[in-house]
Amino acid sequence: MADLQKNLIAGEWLAGVGEIENRNPSDLSDLVGIFAQASGDQLEATLDQAKIAQKEWAAYGIERKQAVLNAIGNELMARCEELGTLLAREEGKPFAEGKGEVYRAGQFFTYYAAECLRQIGENADSVRPDIEIDVRREAVGTVAIISPWNFPTATASWKIAPALCYGNAVVWKPANITPASAVALTEIINRQDIPKGLFSLVMGAGREIGQRLVESPKVNAISFTGSVPVGKGIAAAAIQNLTKVQMEMGSKNALAVMDDADLDLAVSLALGGAFGGTGQKCTASSRLVVHEAVHDTFVEKLIAGTQAMKVGHALEEGTQMGPVVSEQQLNENLAYVDLGKSEGAELACGGVRLEMPHNGFYMSPGVFLNTTNDMRINREEMFAPLTSVIKVGSYDEALATVNDTNFGLTSGIVTKSLARATHFRRNAQTGVVTVNLPTAGTDYHVPFGGRGDSSYGPREQGKAAAEFYTTVKTAYISAGAV
């Protein structure tokens, strides 16, 4: 039997009130581990200790903080193969993607290590004589971080790293479906030169631990990535305490393929954007808006590319798409396949459960044709290896279709026209826009976030993160006469 993996509560590794099994979605016979579930009392204890630890951490010198974040980042990058294997094993993404995710997580920490030294404020003269003004940012306090299972290491890291950089304490509730990666990251952070209880890991069900966390008056800010309904619930709970919130939620990203596009490039972008990470990413290209002049040729190439993708065990050489993360997710995906058919869409390929040598949650990537933008499969986030082709007659219709959604995270265009690319970049109503690139894939040193139902609150990543993880203090100083 696997050893029990514990929570980090007020600086101590403790068992909880229950435990869960974590199994490999590529091979259900592979038990990744047994993980403790925290109690409400443990959550309260760790929140109390976090407040004490945060004051000590905020008083650390900036080079001391920088050294801590650098050490975390460098260890993640050095161990990216080992931890990428663990990530792929528990989440199901191919090893290359898992390794890349862990390495990128390390880069978040080293980036924010450098930001520890760049916390430069502003000064000004007052409108009143002989008074000077000092404006600086200070830590917000204790930050609750609620992260998803689809990027269990990277998404958590791009929240944890700036939170620590700017002097905050962190209480982290990861997704219960990917606890192994959470424990591994916590072990690395806890080994560093930080106050006891500055960083806590509280694994548990969202309806219990998560709800209690977001309702707590001991939390000063909440950063959440997940679904729209859960995000709205968090916002409703947080407002009771006037707790600061930052939320990244759903999406329905579109890639527009114009009549002058390089079709081989367009197909490559569509395949990677739609099926990378088994389609389980908020930046996935779930709508392919294609100009009628190239529609048939594009579709032919797209179907051929989709059918050629190798679906398999996440750790097997050559696997391009791993399994779906869980049985529940697989059943939801297959329900969307049935929904699309019932709406009149044509399932050109894929979209079925696969029988494989290993017992896992395998599904073939699927392409819907003859779809319209008002179908539910083009309105709702499926979070599946499914994409829909929408035929349009002009660039103007393409842009209108891209913008016709409640979401607004990412969008892209494939075109050789500088004029169209520029117009699209300026008029696409999304927080991220790409030109001749996939809708998925973002850099760590610039802002990330969307519009509409996709995002709420300040942007994540880059220097924009300071807006959320700090609060501004304006000081007026009268030095008196010489």
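Domain bounds here come from an automatic or database domain assignment. In this chain the assignment gives domain 1 (4–249 + 454–475) and domain 2 (254–435).

The model is predicted: local features need pLDDT of at least 70, side-chain atom pairs count only at pLDDT 80 or more, and totals for chains, interfaces and linings use all residues. Residues are numbered from 1 along each chain as its sequence is written, and side-chain values use heavy atoms, with hydrogens and water left out.

Start by colouring the two domains separately. The C-alpha centres of domain 1 and domain 2 lie 31 Å apart.

Next, select the residues where the domains meet. Contact means heavy atoms within 4.5 Å, and 24 residues of domain 1 touch 27 residues of domain 2 in this way. Between them the domains bury about 1,900 Å², with 61% of it on carbon and sulfur atoms; buried area is the accessible area (1.4 Å probe) that two parts lose on being put together, summed over both.

Now pick Ser 26, Trp 149 and Ser 454. These residues supply 26% of the area that domain 1 buries against domain 2, more than any other three residues.

Turn to the polar atoms. Across the interface there are 9 residue pairs in polar contact, both residues at pLDDT 80 or more. A polar contact is a pair of N or O atoms within 3.5 Å; within protein, one must be able to donate a hydrogen and the other to accept it, and residues adjacent in sequence count only if both atoms are side-chain atoms.
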